[in-house]
Amino acid sequence: MADLNPIDFYNLDALFSTEEKAVREQVREFVRQEAAPIIRDHFRAGTFPQELIEPIGEMGLLGANLQGYGCPGLNNVAYGLILQELEWCDSALRSFSSVQGSLVMYPIWAFGSEEQKNKYLPKLAKAELIGCFGLTEPDFGSNPAGMATRAQRTANGYVLNGRKMWITNGTMAEVAVVWAKLDDNIRGFVVEKGAKGFSAKAMHGKLSLRASDTAELLLDDCHVPEDAILPKSDGLKSPLSCLTQARYGIAWGALGAAISCYEEALRYAQGRIQFGKPIAAFQLTQEKFAGMVTEITKMQLLCLQLGRMKDQGKAHPAQVSLAKRNNCHHALEIARTGREILGANGIIDDYVCMRHAANLESVKTYEGTHEIHTLILGQAVTGISAFE
Ligand code: TGC
Ligand code: FAD
C-alpha cells in the first residue's frame, strides 16, 4: 500500500482540478520564496511587508473570485487555495488580501454603480489602489446594527461623522468602504484618502497580527460627493454579505496556518532526541499528531465542499459560519499544540507556531467571534435567535 501523505491524509489533491492545483503551486512558490524569509522581521517590527503588495497584485491574487472589471474570475476553490497559501506564511498576508478582495472589491462589485466599478475595481485588483473596510466602532463590535456613524445629505453630497476601530489596511488605504446610517438605514460609502475631515490613525501595542496594518478611522464632518454612496447598498445585510465572503476566505486561511504549524511540529518531533529517541516516538506526542491530522483533514473537507457549494451559488451564510468557527478554533488549538511539541524553542520566533497562535487569536475574534458564530449556528439549527 502506498505511503500516506501526512499533509493530505485523505488525498484531496485528487479532487482539485489541474487549474486549482496550478494556482496553489504558483502562490506556494511565491510565498515560500518571497514572503516567508521576510515575515519574521516584519512581525518583530510591527510593519506590513509592503514589498509584497506589487507582486500580489501582479499575480492576480486580489478579488480573484470576482468576474469582470479586471478581476481574474477564478472559482471559489482556487480562491480559497490562494488564501490558504498566504496564511501558511502569516495571517497578515491573508488579512490584507481578504480585506481588499472580499470587503472592498466585493461591495463595490455587488453594490456599486458601473462608474464606481470601472473606476476602482481594475486598480484594486492590481493593487494600484489599497482599500479598507470600516464597520466596527469603539462601542459596536459584535453588534454593528447599533452603529453610531451617521451620514447626512448636503447640497452636493453627504457629510459623515463617526469613528471606526480596528480597521485592517487602514493607514495604507487610498479608499475606505465605510458603513454609516443615512435616515436610519445602513449604507456604504467609498471615502477617498484626502477627503476633507477623514483621517486614519495607526493602532499600536498589538501582540497579534503584528505584521498587519490596523487603524482607527476618524470621520469628522467628512464631506464626500454624491457619487460616493454605493447605490445598491441597503441595510445591515449589505455589510453582512461582505462578511460572508471574507469569512469563507478565513476558513481556508486558518487551515493554511494550521498546516504550517503541523508541518513544523512534525519536522521538529522527528529530529529532536530526548531519552535516546525522537520525541515523535513517544505515545503522548503521537496522540498530539493524531489529533492534528484529524482536525486538519476535517478542515480540508469542510473547505472543499463549502467552496464547491459556493461555486454553485448554494453556500448558506450559516454554512460559512460553521467553517469559519470550526477552522479558527482548531487552527488555534493546533498552533498551541505545535508550540508545546517544540518545547522551549517554541517560544522563539525562529519557529512559526507561536506567531501563528498569536495571530489566530485575532482571526478567531474578527469577522464574528467564536461566540457570535455559535449563536448563528444555534439559530440556524433551532430556528430561535439567542442574540438578545
Ligand atoms: P439580522 O437581523 O440577523 O440580519 C440583518 C439582515 O442581514 C441578513 N444577514 C446576512 N446576509 C448575508 N450574510 C450574512 N452573514 C448575514 N447575516 C444576516 C439577514 O437575513 C437580515 O436580512 P433582512 O433582509 O431580513 O434585512 O442582524 P442582527 O443585527 O441580529 O445581527 C446578526 C449578527 C450578530 C450575526 C451580525 O451582526 C454579525 O455577524 N455580527 C458580527 C460582526 C462582525 O463579524 N464584524 C466583522 C467586522 S469586519 C472584520 O472583522 C474584518 S477583519 C478582516 C481581516 O483582517 O481579515
Ligand atoms: P465585543 O463585541 O465587545 O465582544 C466581546 C466579547 O463578548 C467577545 O468574546 C464576544 O464573543 C462576546 N459577546 C458579544 N456579544 C455576545 C452575545 N450576544 N452572546 C455571547 N457573547 C457575546 N473590523 C472592521 O470593521 N474592519 C476591519 O478591517 C477589522 N479588522 C480587524 C483586525 C483585527 C486585528 C482585529 C482584532 C479586529 C478587526 N476588526 C475589524 C474588528 C472585529 O470585527 C471585532 O473585533 C469583532 O467583531 C468583535 O467585536 P469587539 O472586539 O468589539 O468585541
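## A salt bridge in a predicted model

The side chains of Asp 349 and Arg 40 form a salt bridge, with N to O at 3.9 Å. The structure is a predicted model, and the separation falls inside the cut-off of 4 Å that defines such a pair.

Across the structure the count comes to 23 salt bridges. Another of them joins Arg 308 to Glu 20, whose closest N and O atoms are 2.8 Å apart. Arg 308 belongs to helix H7 (residues 283-311) and Glu 20 to helix H1, so this pair ties together parts that are 288 residues apart in sequence.

## Domains and their contact

The protein chain is divided into three parts: domain 1 covers 12-125, domain 2 covers 131-228 and domain 3 covers 237-382. Between the C-alpha centres of domain 1 and domain 3 there are 19 Å. Domain 1 brings 30 residues to the contact and domain 3 brings 34 residues.

The size of an interface is often given as the accessible area lost when the parts come together. For domain 1 and domain 3 the buried area is about 2,600 Å², and carbon and sulfur atoms give 58% of that area. On the domain 1 side, Leu 12, Asn 76 and Trp 88 supply 20% of the area buried against domain 3, more than any other three residues. Five salt bridges are counted between domain 1 and domain 3.

## The cavity

Rolling a probe the size of a water molecule over the atoms shows where empty space is left. In the whole structure, the search finds one cavity of 30 Å³ or more. The largest cavity holds about 40 Å³ of space.

Which residues line the largest cavity? Its lining consists of Arg 28, Arg 32, Gln 84, Glu 85, Trp 88, Gly 256, Ile 259 and Glu 263. Helix H1 (18-45), helix H3 (76-89) and H6 are the elements that give two or more residues to this lining. By class, two of the lining residues are nonpolar, two are polar and four are charged. Domain 1 and domain 3 each contribute at least three residues to the lining of the largest cavity.

## The largest pocket

The volume of the largest pocket is about 1,300 Å³. Its lining is made up of 46 residues, and those nearest the centre of the pocket are Gly 141, Leu 243, Arg 247, Glu 367 and Gly 368. The lining residues divide into 22 nonpolar, 19 polar and five charged.

Several elements supply at least two residues each to the lining of this pocket: helix H4 (91-111), strand E5 (157-168), helix H6 (237-271), helix H8 (317-341), helix H9 (353-365) and helix H10 (370-382). H6 gives the largest share of the pocket lining, with six residues. H6 is also one of the elements that give two or more residues to the lining of the largest cavity.

Technical notes
Residues numbered from 1 in each chain as written. Chains lettered and ligands numbered in written order. Predicted model: local features only at pLDDT ≥ 70, side-chain atom pairs only at ≥ 80, totals over all residues. Heavy atoms only, no water. 1 Å grid on protein atoms, 1.4 Å probe; cavity = no way out; pocket = protein on both sides within 12 Å on 5 of 7 lines; lining within 4 Å. Points joined across faces, edges and corners; volume = space filled by probe spheres on them. Helix = DSSP H or I, 4+ residues; strand = E, 2+ residues; numbered from the N terminus. Nonpolar A, V, L, I, M, F, W, Y, C, P; charged D, E, K, R; others polar. Domains from an automatic or database assignment. Contact = heavy atoms within 4.5 Å. Buried area = accessible area lost by both parts, 1.4 Å probe.
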